[in-house]
Amino acid sequence: MVTGATGGLGLATAHGIARHGATVVIVGRSLERTRAAVEQIKAESGNPRVDFLVADLSVQSEIRRVAAEFQERYAQLHVLVNNVGGIFINGQVSADGIEMTLALNHLGTYLLTRSLYNLLKSSTPSRIVNVSSLAHLGARIDNWDLQFSGWKGYKRSKLANILFTYELARRSEGTGITVNALSPGLVRSNFGLNNRGPYPLIKPMVDWFAVSNAKGAETSIYLACSPDVEGVTGKYFTRCRPRRSSAASYDQNAAARLWDVSARMTGLAAD
């Protein structure tokens, strides 16, 4: 399963995994765009085993529904790529009343992963791949109501992706599930164009330094498919190589607290 796969980095990731011959299920918010993405992946990869589910992954009831639908259709899940994400700097909140960047980037990943965890466990060996960002550098989580916004909130959400990765890897020891995070680098995509303000105006300059979606997706595809990382867990990758993430990302107390707060915000048990 690849989330946020109707365009950009997610579409390139799903396409690359399909080219490896896997059955791929993409998740998108728009029925029309998701169907179109499936047909594009099938045509370009030559793999007919591409399916889709539709859900807004910022909405917790939608996440629970799509996890249930997946488990009704499929008996196994070997790879979950949590790719969906965005930045919302104009004060948007989700249908659950949660700041949108937090709701989509972290809590959506947390709830979807935990909703599919038992299936991943029964399908081992299986892999969870969480797409973070270099933006996590310099971020700290010191406001535990987690209702932060803007660029600082985006940075914290990407740090949360890595803290969640490391905590889940610790909790998954001995299960046959591996959990890793990555940064795709600066990618030439539609990221941030949903916002008002100066960013859409400077986007062409940002893109001058960015890599293509296909290039940015290489690390996600590597972690999803490569035999080189079989059994590798609790790591952060860039350019298909393990790297050190920020010092704050290795704070096990912060990771455990984030897990507990996230559980409360999604109505799950902490254990």
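Helices (H or I, at least four residues) and strands (E, at least two) are DSSP runs, numbered from the N terminus. The views come from a predicted model, where local features need pLDDT of at least 70, side-chain atom pairs count only at pLDDT 80 or more, and totals for chains, interfaces and linings use all residues. Residues are numbered from 1 along each chain as its sequence is written, and side-chain values use heavy atoms, with hydrogens and water left out.

View A. Searching the whole structure turns up 1 cavity of 30 Å³ or more. (On a 1 Å grid over the protein atoms alone, a cavity is a set of points where a 1.4 Å probe fits but cannot get out; lining residues have an atom within 4 Å of a point.) The largest cavity holds about 30 Å³ of space, the volume being the space filled by probe spheres set on the points, which are joined across faces, edges and corners. Strand β5 (126-131) and strand β6 (177-183) each give at least two residues to the lining, and β5 has the largest share, with 3 residues. Look for Arg-127, Ile-128, Val-129, Thr-178, Asn-180, Leu-223, Val-229 and Val-232 around the space. By class, that's 5 nonpolar, 2 polar and 1 charged. (Ala, Val, Leu, Ile, Met, Phe, Trp, Tyr, Cys and Pro count as nonpolar, Asp, Glu, Lys and Arg as charged, and the others, Gly among them, as polar.)

**View B. The second largest pocket.** This pocket has a volume of about 360 Å³. (A pocket is an open set of points with protein on both sides within 12 Å along at least five of seven lines.) Its lining takes in 17 residues, with Met-1, Ala-22, Thr-23, His-78 and Val-79 nearest the centre. At least two lining residues come from each of β2 (24-28), β4 (79-82) and α8 (218-225).

**View C. Strand β2 and its partner β3.** Here β2 and β3 (residues 50-54) run parallel, joined by 5 bridges; strands pair if DSSP finds at least two bridges between them. Gly-28 has Val-54 in β3 as its bridge partner.

**View D. Ser-133 in its loop.** Ser-133 sits in the loop between β5 and α5 (150-171). Ser-133 is buried, at 15% relative accessible area (buried means under 20%, with a 1.4 Å probe and protein chains only). Its side chain reaches the backbone nitrogen of Ala-135 at 2.9 Å.

Notes: Buried means under 20% relative accessible area, exposed over 50%, partly exposed in between (1.4 Å probe, protein chains only). A polar contact is a pair of N or O atoms within 3.5 Å; within protein, one must be able to donate a hydrogen and the other to accept it, and residues adjacent in sequence count only if both atoms are side-chain atoms.
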